[in-house]
Amino acid sequence: MDSANKHTILLVDDDRDFREILRIKLESKGFSIEEATKGEEGYEKAKKIRPDLVVMDVQMPKMNGVESLTKIKGDKDISGLRVIFVTNFGESDPNSNDLDDKFAKGAGAVGHVRKTDDLDRIATRITEELTIASGN
């Protein structure tokens, strides 16, 4: 991916270590990464930079991911942003993937990834979503 076509991804997660390892992985794939540590900050940054994709934790203090996404969807300037939730839900049950995806889509996200997923799997899911978004 050349820099002229570099996609910008906004990572919104209160877990600094997770943000750091995911940022390194996604930058190695050619993505430009912006970060936010809280739901409110994620909303404000999304409004300012208008990323190609938002990857947002569901569980955060004060404003969680669902509340932040609701705010994004309610803002006519950025309501079309695509958001993938990052969850810790269903980790003990491999069959819960469909439920997690149904929850994410019901909240207005395009889907979800689990924090416990392999980083390559997470990067692949993000790449797939950007491909869908760009119509390729």
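This report describes the overall fold of a predicted protein model and then some of its local features.

## Overall architecture

The protein contains five helices and five strands. Along the sequence these elements follow the pattern β-α-β-α-β-α-β-α-β-α.

The protein has 136 residues, of which 41% count as buried. Its accessible surface comes to about 7,200 Å², and carbon and sulfur atoms account for 46% of that surface. Among the contacts in the protein with a separation of 6 or more, 67% join residues 24 or more positions apart.

## The pairing of helices α1 and α5

Two packed helices are described by the angle between their axes and the distance between the axes. Helix α1 covers residues 16-28 and helix α5 covers residues 119-134. Their axes come within 10 Å and cross at roughly 65°. The crossing of α1 and α5 is right-handed.

On the α1 side, the residues that meet α5 are F18, I21, L22, K25 and L26. Their counterparts in α5 are L119, D120, I122, A123 and I126. The residues of this contact divide into eight nonpolar, no polar and two charged.

## A buried aspartate in a loop

D75 is placed in the loop between α3 (65-73) and β4 (83-87). Is this residue buried or exposed? With a relative accessible area of 8%, D75 is buried, because the cut-off for a buried residue is under 20%.

A polar atom of the D75 side chain lies 2.9 Å from the backbone nitrogen of D77. When neighbours within four places in sequence are left aside, D75 is in contact with Y43 and K47.

Most residues other than glycine have a negative phi. Which values of phi do R50 and K62 have? For R50, phi is near 45°, a positive value in a residue other than glycine. K62 is likewise not a glycine, and its phi is positive at about 65°.

R50 lies in the loop between α2 (39-49) and β3 (53-57), while K62 is found in the loop between β3 and α3. R50 has a relative accessible area of 46% and is therefore partly exposed, as this value falls between the cut-offs of 20% and 50%. K62 has a relative accessible area of 82%, so this residue is exposed, the cut-off being over 50%.

Notes:
Residues numbered from 1 in each chain as written. Predicted model: local features only at pLDDT ≥ 70, side-chain atom pairs only at ≥ 80, totals over all residues. Heavy atoms only, no water. Helix = DSSP H or I, 4+ residues; strand = E, 2+ residues; numbered from the N terminus. Buried < 20%, exposed > 50% of the residue type's maximum accessible area, 1.4 Å probe, protein only. Contact = heavy atoms within 4.5 Å. Areas by Shrake-Rupley, 256 points an atom, 1.4 Å probe, with all protein chains shown as cover. Axes fitted to C-alpha atoms, helices over the stretch in contact; angles between N-to-C directions. Left-handed = near helix turned anticlockwise from the far one by under 90°. Nonpolar A, V, L, I, M, F, W, Y, C, P; charged D, E, K, R; others polar. Polar contact = N/O pair within 3.5 Å; in protein donor to acceptor, adjacent residues only side chain to side chain.
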